[in-house]
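Let's walk through this protein together, one region at a time. Keep the viewer open as you read, and turn the model whenever a new element comes up.

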Amino acid sequence: MSVLAGLCLLSLLDFTLGSWPWLKPNQVDEGQTKRPKQPPHIIFILTDDQGFNDIGYHNTDLRTPTLDRLAAEGVRLENYYVQPLCTPSRSQLITGRYQIHTGLQHSIIRPRQPSCLPRNLVTLPQRLQEAGYSTHMVGKWHLGFYRKDCLPTRRGFHTYFGSLTGSVDYYTYGSCDGKSLCGFDLHDGESVAWGRAGKYSTHLYTQRVRKILATHHPDHQPLFIFVSLQAVHTPLKPPKSYIYPYRSMGNVPRRKYAAMVSIVDEAVHNITYALRKYGYYRNSIIIFSTDNGAQPFTGGSNWPLRGRKGTYWEGGIRAVGFVHSPLLRHKRRVSKALLHITDWYPTLVRLAGGNTSQDQGLDGYDIWPVLSDNKESPRMEILHNIDPLHRRGLGSWQAGQGLWDTTVQAAIRVGDWKLLTGDPGHGDWVPPQVLTSFPGGWWNLERGTGEGKKSVWLFNITADPCERNDLADQRPGVVRKLLARLVSYNRTAIPVCYPPDDPRANPDVNGGAWVPWVGDEEQEDNWNGVYYKRGRNRKRKKCRLCKIRSFFKKLNSRIMSNRI
């Protein structure tokens with residue numbers, strides 16, 4: 001944390017531009033990396049909305065002794081990227097493909113949308129099943145469920161226990177799409193788990209993972225468990241006993257959020273204890289990853305990175321991650337190798353003894369030599385995304401040097417360089433919230449001034465990880481080369497699938513729960529290329545007081561920006 005903060009401070013004053021990697025091959029020789037003789041047990045732990053600054057080894061204000069120890073004894077990933085939202089990260093993990101190759105380029109899958117992970121794609125757990133694994137998922141799915149064929153148990157998991165939508169209450173497991181449309185969302189397999197409500201979800205999910213480990217024999221069959229925790233997503237509802245150690249934090253949301261992070265740490269402790277107790281640990285690989293950046297105004301922190309959840313600034317996409325395993329040859333180190341969430345698919349399939357030769361079009365790389373033997377990363381670039389439905393009017397083809405329409409939201413990383421076009425999202429640097437209360441417009445103590453007039457940004461991320469020095473005007477040649485890469489990727493994109501809500505999804509007509517509502521025999525509608533803007537046709541009530549509040553909020557923000 002201190003190293004990164006130092007880099008950010010230095011980037012304000014001076015930095016050395018990194019070398020241009022165009023002539024490097026996109027893949028390096030992996031050599032004769034030693035792999036385990038028997039397929040390893042794989043435990044993949046994914047947390048929700050946990051920020052870059054929300055773990056003990058980045059911020060000592062948070063108590064995460066188990067995560068800190070596992071990371072210190074394994075390989076810490078400090079140049080590792082995910083996507084800025086829940087569905088995109090999960091889809092790329094499960095398929096090993098960028099969003100432009102799954103049709104999920106835009107936003108997330110909402111509860112009433114007749115959309116899910118493309119059913120023609122073979123998933124990571126399906127490949128692991130083919131390799132002889134027993135596969136299990138516990139926690140948040142958020143990859144669509146309008147048909148039974150979309151459910152986790154139809155996409156490669158032998159068992160599933162968790163919630164299908166993007167956000168549920170930690171105790172009641174109620175999930176709402178809007179303020180009025182709510183239903184129960186806790187499932188065991190393909191059945192609604194009505195009787196399991198009442199227990200805090202992180203504890204309930206940990207209990208299920210330990211049960212799986214206790215009832216499975218480690219020597220008979222390799223095991224894959226995908227632990228997709230709901231935490232630390234809102235609502236902030238940790239048990240009170242976990243809040244007490246953070247009582248000195250003045251900001252209540254931050255206090256509750258920190259408590260939820262500590263509960264995650266406790267959960268990981270209990271899972272790793274069970275791995276040792278039941279004989280899995282010596283032949284196991286534990287992977288920990290966040291799914292996107294945090295939302296600072298609900299307690300999270302990405303400091304000192306720029307941006308937040310839902311943005312393509314580093315704060316939205318640079319993840320916390322590590323690998324812990326007795327099978328690692330070079331342990332106790334920090335890796336600066338460029339890695340992406342799509343890389344887990346080919347890495348884990350090959351570790352399992354599976355074959356990815358049938359998976360044409362994978363965007364991920366086998367990174368086990370990077371993790372275990374400290375080899376050079378085969379990855380030289382990351383397409384963060386191209387979203388043709390998210391456009392901003394200030395861009396133009398002229399701003400894109402005649403190659404690219406810069407109204408389109410897009411982001412790409414090549415070597416040291418990162419290019420953003422269109423609207424990357426809120427670009428503020430938000431310190432951890434520590435005060436009891438503060439007027440809303442003053443929360444952003446540093447604001448990206450003048451960003452509203454731009455549609456192209458270029459940063460040397462290696463030298464300037466906090467994105468303070470925009471080099472787009474000084475390095476037009478670099479901008480042109482990265483724009484050309486966007487054009488090349490865009491030629492391979494498939495149409496966006498973002499259909500309108502289906503009223504048949506209403507839990508009130510489905511027994512009070514969120515469940516599949518389209519029959520297996522029903523013909524599939526073609527929603528490719530359809531864009532549904534939520535709320536477009538809704539009538540908005542006139543509110544004079546709201547307009548006055550909005551005016552003063554904007555005025556306050558401008559005053560703050562000018563002072564800073």
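**A guided tour**

At 44% relative accessibility, Cys176 counts as partly exposed; buried means under 20% relative accessible area, exposed over 50%, and partly exposed in between, with a 1.4 Å probe and protein chains only. Cys176 and Cys182 form a disulfide with their sulfur atoms 1.9 Å apart, a disulfide being a pair of cysteine sulfur atoms within 2.5 Å. With 105° about the S-S bond, this link of Cys176 and Cys182 is right-handed.

Before going on, a word on the model. It is a predicted one, in which local features need pLDDT of at least 70 and side-chain atom pairs count only at pLDDT 80 or more, while totals for chains, interfaces and linings use all residues. Residues are numbered from 1 along each chain as its sequence is written, and side-chain values use heavy atoms, with hydrogens and water left out.

Back to the cysteines. The structure holds two disulfides, and the other one joins Cys116 to Cys150, with an S to S distance of 2.2 Å. Cys116 sits in the loop between α3 (86-95) and α4 (124-130) and Cys150 in the loop between β4 (134-140) and β5 (159-163), so this pair ties together parts that are 34 residues apart in sequence. Helices (H or I, at least four residues) and strands (E, at least two) are DSSP runs, numbered from the N terminus. The link of Cys116 and Cys150 is left-handed, with -55° about the S-S bond. Cys116 counts as buried at 10% relative accessibility, and Cys150 counts as buried at 1%.

What about cysteines elsewhere in the chain? Cys86 is buried, with a relative accessible area of 3%. Cys497 is in no disulfide, and the nearest cysteine sulfur, that of Cys116, is 8.4 Å away. Cys497 is buried too, with a relative accessible area of 18%.

On a 1 Å grid over the protein atoms alone, a cavity is a set of points where a 1.4 Å probe fits but cannot get out, and lining residues have an atom within 4 Å of a point. The structure holds three cavities of 30 Å³ or more, and about 50 Å³ of space lies in the largest cavity. Grid points are joined across faces, edges and corners, and a volume is the space filled by probe spheres set on the points. Among the residues that line the largest cavity are Leu104, His106, Gln113, Cys497 and Tyr498. The lining divides into five nonpolar, four polar and no charged residues. Here Ala, Val, Leu, Ile, Met, Phe, Trp, Tyr, Cys and Pro count as nonpolar, Asp, Glu, Lys and Arg as charged, and the others, Gly among them, as polar.

Now turn to the sheet. An open sheet of 10 strands has the order β9-β8-β5-β4-β10-β1-β11-β12-β2-β13, with mixed pairing; two strands pair if DSSP finds at least two bridges between them. β9 (191-192) and β13 (333-335) stand at the edges, each with a single partner strand, so one side of each is left without a neighbour in the sheet.

How many residues of strand β1 are buried? Seven of the seven residues of β1 (residues 41-47) are, so this strand is largely enclosed by the rest of the structure. His41, Ile43, Ile45 and Thr47 point one way from β1, and Ile42, Phe44 and Leu46 the other way. In a regular strand the side chains alternate between the two faces of the sheet. β1 pairs with strand β11 (residues 284-290) in the parallel sense over seven bridges, and Leu46 has Ser289 as its bridge partner in β11. Five bridges join β1 to strand β10 (residues 223-228), again running parallel, with Ile42 opposite Phe224 in β10.

Finally, a few backbone details. A cis peptide bond joins Thr234 and Pro235, with omega about 5°, and Pro235 has its place in the loop between β10 and α6 (240-243). Another cis peptide bond joins Trp303 and Pro304. Arg332 has a positive phi of about 50° although it is not a glycine, and Arg332 is exposed, with a relative accessible area of 62%.

Technical notes: On a 1 Å grid over the protein atoms alone, a cavity is a set of points where a 1.4 Å probe fits but cannot get out, and a pocket is an open set with protein on both sides within 12 Å along at least five of seven lines; lining residues have an atom within 4 Å of a point.
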